[in-house]
Amino acid sequence: MLFQLERSHNLKHIVYLFSDELCEIVGRNYPNYRNIAQKEYLKDSDVHDTLVMTDHPALGEDLWNRGFAVVGVEHSGIRFPQLPYVCYDVTELEEAYLEQIFCHMRLIPIPLFSTERLLIREICPMDVESLYELYRDRESVRFLDPLYEDPEEEREYIRNYIRNVYAIYGYGMWVMEEKQTGTVVGRIGLEQKELPAVMRRFCVANGFFSDKTLELGYMLGERYRHRGYAEEAARGVIRYAGERLEGPLLYAVTRAVNQPSCRLCERLGGRDIGMADENYRVYVISE
């Protein structure tokens, strides 16, 4: 059974504002594509649930400045230097992908999948207070990079992370949220990092490509440990990677003295392949 993605259902309308030239291009190449002629008047009240696709640069920039989510369609020398999202073939963009674009523009966290007790979703600026609460526990984060001291700097980092990591790669560090309470209990996810030497040697010896190798990382707030949350979420991430990310090689790096994390890697079926340096141990999680 295929992994079923959660849906955010925030995008209600997709409006196509195309020039006659683009309608002709698309209609000529894709005669069954019926959406090209859709043109609607946009009200300011539509801004919250509407995605606009257009090849009119001035109109696109005006709508963007009014707060709309806009995708520019580039063709025949038409460019959209002010817009963060552009495409070249409107027929290749499925509605589910357009919903992701819309959510990233709106900074709406996309739900990825659920486990028995947890929702794994993308992070958003509204999570900052919850993150500072989690990071107050020194034991939980002593092996992690700290948050910015200024919460607004952390929010800006998250906004950039959404635009430059989620939107481009389709994965990253996410949050774990209790389904029953809606409480953020930790973080988990996948990142492409510089491989430790021992991991590079493993890839070469076993025929894996380094650019298809992702690091699994997590942190869990002190109040939420010893409930099996980390293992439950990690197993979900491993399955997600196998079915939605074309099965990358996954590994984890943990301090050798962090015995709970080492035991978790072993429960996940991780294989200890050696030390990254004098402090960090490397486990191959999923091959």
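**View 1. Val175 has Arg187, a residue of strand 8, as its bridge partner.** In this predicted model, strand 7 (residues 173–178) and strand 8 pair in the antiparallel sense, with five bridges between them. The two strands form a hairpin in which five residues lie between them, and Gly182 in the turn has a positive phi of about 75 degrees.

**View 2. Strand 8 (residues 184–191) is mostly covered.** Of its eight residues, seven are buried. Strand 8 is also joined to strand 9 (residues 213–220) by six bridges, and these two strands run antiparallel. Leu190 stands opposite Leu216 of strand 9.

**View 3. A salt bridge connects the side chains of Arg121 and Asp127.** The N to O distance is 2.7 Å. Both Arg121 and Asp127 are buried.

View 4. Glu152 counts as partly exposed because its relative accessibility is 40%, and Arg155 counts as partly exposed because its value is 24%.

**View 5. The side chains of Glu231 and Arg267 meet in a salt bridge of 2.8 Å, N to O.** This pair links distant parts of the chain: Glu231 belongs to helix 8 (residues 229–244) and Arg267 to helix 9 (residues 259–267), 36 residues apart. Arg267 has a relative accessibility of 45% and therefore counts as partly exposed.

Notes: Residues are numbered from 1 along each chain as its sequence is written. This is a predicted model: local features need pLDDT of at least 70, side-chain atom pairs count only at pLDDT 80 or more; totals for chains, interfaces and linings use all residues. Side-chain values use heavy atoms; hydrogens and water are left out. Buried means under 20% relative accessible area, exposed over 50%, partly exposed in between (1.4 Å probe, protein chains only). Helices (H or I, at least four residues) and strands (E, at least two) are DSSP runs, numbered from the N terminus. Two strands pair if DSSP finds at least two bridges between them. A salt bridge is a side-chain nitrogen of Lys or Arg within 4 Å of a carboxyl oxygen of Asp or Glu.
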